Amino acid sequence: MAAIDPGSLTIASALEGLAKKDFTSVELTQACIASMEAARPLNAMITETPEKALEMAKAADERRSKGGEVGLLDGVPLAIKDLFATQGVLTTAASHILDGFKPEYESTATANLWKQGAVMLGKLNLDEFAMGSSNETSYYGPVVNPWRAKDGTKLVPGGSSGGSAAAVAAGFALGATGTDTGGSIRQPASLCGITGIKPTYGRVSRWGIVAFASSLDQAGPMTRTVRDSALMLRAMAGFDPKDSTSVDRPVPDYVANLDGGVKGMRIGIPREYRMDGMDAEIVALWEQGKQWLRDAGAEIVDISLPHTHYALATYYIVAPAEASSNLARYDGVRYGLRVPGKDLNEMYENTRGAGFGREVQRRIMIGTYVLSAGYYDAYYTKAQKVRTLIKKDFEQAFQRVDAILTPTAPNAAFPIGMKNDDPVMMYLNDVFTVPTSLAGLPGMSVPAGLNSAGLPLGLQLIGKPFEEAQLLRVGQTLEKAANFTAKPTAWWRS
Amino acid sequence: MSLDKAAVAKIAKLARLKMEPDRQEAMASELNRILSFVEELQAVNTDNVQPMTSVAPMKLRQREDAVTDGGKPEAVLKNAPQRQGDFYTVPKVIE
Amino acid sequence: MAEKDYIQGATGAWEIVIGMEVHAQVASKSKLFSGADTTFGAEPNHQVSLVDAAMPGMLPVINGFCVEQAVRTGLGLKAQINLHSVFDRKNYFYADLPQGYQISQYLQPVVGKGELLLDMPDGSIRTIGITRLHLEQDAGKSLHDQSPRESFIDLNRSGVALMEIVSEPDMRNSEEAGLYLKKLRTIVRYLGTCDGNMDEGSMRADVNVSVRKPGGPLGTRCEIKNVNSVRFVQQAIEYEARRQIEILEDGGKIDQETRLFDTGKGVTRSMRSKEEAHDYRYFPDPDLLPLEFEQGWVDQIKATLPELPDEKKARFIEKLGLSPYDASVLVAEKESADFYEKVARGRDGKLAANWVITEYFGVLNKSGQSMEEFTITAEKLGGLIDLIADNTISNRLAKDVFALMVETGKDAATIVEEKGMKQVTDTGAIEKVIDEVMAANQDKVAEYRSGKDKLFGFFVGQTMKASGGKANPAAVNELLKKKLAG
């Protein structure tokens, strides 16, 4: 049998190969493990679990050989963002403060994947507590984008799901889980030339996922193709009584109508996303995207989302506020790092001072401040009011259109270290993705082309609540038209 | 609104973050940068707008009153940095 | 406010102003936001779910039963039920608060304004305003005396559902505060929403105390935390009020602070762990949604409320002819009220009340037994009262019979039969005894007849004695009067 190149496979093609017995899951998993090890220079993994992977692969092969029922993802090797609690496997959120933490529980989203037969390769690097847009805030060091600048400069993969995007782009995982709070699936997907979807808030259970900002966090798949995202989302999603914000409605078969096209659909183009000083190549790609969908039979409609400009400021109040409270539980008492102190408060301060990195501390500080007495109304209440207006903008737009097309990110991948001096510069990476998160809507990024520097760029599609099936169908159309086949050279292997 | 070093020290205390004085200085300028960025929200007219309490239009589900959990002290205590028997331990607190 | 409530200091009279926040544990099987057991007294950390231990990624799901109990309690306090309420996070760090925040209700509680009536010993009623009732999680427990350098943390209580019931600062002395706590306990026990067991911490009070010159502006208050008995609440208030008066009269000022009541020494002292100024940074818990229900659901609950102590008391007064005091004694515990009603059914209400309150409770309290354990059932006591009512025995003799019932466990009729204690109502027999008594005391008869009316009691006593206490007193009176008149 010829050596398997996991980089040339998709989840769909791997499932086909497994079904036709072209290869076993153990063989596929071994190939993935070898690629994963070769890709260590990318620093995409925090914990590799090859033994567990092979064990799961073996079990998958047994299920297939018995000819019984197989899962939706039976035997497919995936990697898991290290924000999902995985039973008995180190779970860090890329933070020093979770040193040595091995949960006694499995997140609902990953449990759903294992139920469908998926195989776990290990835990992926990310921005610490998912706070970042470049994967540089990780305690375990930055992730390197498989795509390099022409001069060989190392670039960021985006964030916070930077490890996830890098693993899929580098080809050692067929798919990865991501989480998205303000763009953490879509922006790295765009910067690494892969597909990622953030489902509607409430579609995928948050139970067992380390919380960043509870009203925004949503998990989703990151894959090479739209079809793979559809397959993986179907397995991850579903009602979970353990999450009070999980929505009790059936999960459709996202693959069934994937090729239905966009004929007769109305696609909105929000004029507020056309910002001053925007990268001309991104504007051009956006125009191209419109044309592709028009050519496929969609009607392009100009729309207005008047409060777009305020989304980022809203987000940078709401998300840190929730985070400051969500991260209070990391206190050195029940798990993770403890740095001694002469009394309880000093132990807290020492532990949290040493355990949290700079960006996380910054957000805890901002969040603490905007919730504190005398400032709450001016900041937090105000932001939640503006959030209501942002959501209303979308509700009005969706009375006229079926989906919205925008760029995913304002720029392609940038050099590691470039935007670290000014937090606000970094936050601007999320300018196109944050409004969707604030409104709880599904959004996806589809790779649409390369810029003149040879780096991938994605386009974002935004859908109506729980209309992921329709959104994926538009994504599939876009993917087909864009025919994005470029891959990074495997420079890390040498 | 602008934060000085003393204000930063107070917030750090509230958030239980040990912060050296030089770091407080830098933090003050970083926070002020962010605060001046979010200041633009004040320009939005939000008269008669309700603050968002839930992004999904749904009602709070209530569970039945039944004992379905607990009884596994090891699972609860296993990751503790310090413990005594089935207790977590912390530096002594004087009430 | 009556003068008697004032405390006399060196500079004149002072008035105490008291408000209370009572934490009543909801009588639920499982916790407010997790499925862990709430039974008291388990091994440390054995009733803790991963949610209660605030493991990363754990989420709260609300216990519907607890919501219903909060509404029931609100209805029992004649309070406004809010159809829309919100759970907030109250953020602070403490060793037994695993999440680093307590899920509580701040700006929009489930229950709004209500009232509670105090039954004062003189039979009057004092109305104490209820500000609000909200649901919140309990914290865990810190044990400070297990090791010299460490505190031990047990999270069994972490996440247990509490109703915090906040009063207006309407109380003016420790007696009212004690009555308030007792009455609140009575109400939640009637409703079954809290077991009211103060020894196990099912009810604890935070007491806010301040003093002022009568009619003057409110003084600075101190909050005495976690007081767990009526007696301690009263002691703490007495001590705290005098402490504050002393400071003010010495020209000092009161610091608004949290204090602890030292039950051993009977004093309050400042809590070191609470010294620091708090900023709780309340905000709506994003892991939960607003709590919403329909008026129809509230009405359904209202329709199932039991008769509450105030209503029961009014009925006892109006329908059974009891005094306000007797009625309030009987309704203080649902068990006693039920017992009384069984005894009184088909009998004279007042007579039954006297027997239940004076004799039955008197002996029961001395025995140290519970009502269920005690040998005297409502049927047995009723049987005794029936014998009084039909003149089989006198009320006085009945007390002897009751003592024998307690001693032997036999019922009244059996004892009366066995001991031959049946009351003599046969006028012929009584006349015979009277004749004997008059014959033996002819001098007294003469004195009586010459106008010394007071001797009548003497003849009654002698006649009763001669009859062995069995003569019917009314018949004795009547016959004596006739015979002595000559």
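**Entry 1**

I started with the second largest cavity, which holds about 70 Å³ of space. For the record, a cavity here is a set of points on a 1 Å grid over the protein atoms alone where a 1.4 Å probe fits but cannot get out, and lining residues have an atom within 4 Å of a point. A volume is the space filled by probe spheres set on the points, with grid points joined across faces, edges and corners.

A note on sources: this is a predicted model, where local features need pLDDT of at least 70, side-chain atom pairs count only at pLDDT 80 or more, and totals for chains, interfaces and linings use all residues. Residues are numbered from 1 along each chain as its sequence is written, chains are lettered from A in the order in which they are written, and side-chain values use heavy atoms, with hydrogens and water left out.

I then listed the lining of this second largest cavity and found, among others, D52(C), Y101(C), Q137(C), D138(C) and S158(C). By class I get five nonpolar, five polar and two charged residues. The classes put Ala, Val, Leu, Ile, Met, Phe, Trp, Tyr, Cys and Pro under nonpolar, Asp, Glu, Lys and Arg under charged, and the others, Gly among them, under polar.

**Entry 2: the largest cavity**

How many cavities of 30 Å³ or more does the rule count? I get ten. The largest has about 160 Å³ of space. Of its 18 lining residues, S215(A), T53(B), S54(B), V55(B) and P286(C) are the closest to the centre. Helix 12 of chain A (residues 376-397) gives the most to this lining, with three residues; helices are DSSP runs of H or I with at least four residues, strands are runs of E with at least two, and both are numbered from the N terminus. The lining divides into ten nonpolar, five polar and three charged residues.

**Entry 3: chain B against chain A**

Next I looked at contacts (heavy atoms within 4.5 Å): 49 residues of chain B touch 68 residues of chain A. The two chains bury about 5,300 Å² between them, 68% of it on carbon and sulfur atoms; that is accessible area (1.4 Å probe) lost on putting the parts together, summed over both.

I found five salt bridges across this interface, each a side-chain nitrogen of Lys or Arg within 4 Å of a carboxyl oxygen of Asp or Glu. E349(A) and K13(B) form a salt bridge at 3.1 Å, N to O. On the chain B side, helix 1 (5-14), helix 2 (21-38) and strand 3 (87-91) each give two or more residues, and helix 2 gives the most, with ten.

Technical notes
1 Å grid on protein atoms, 1.4 Å probe; cavity = no way out; pocket = protein on both sides within 12 Å on 5 of 7 lines; lining within 4 Å.
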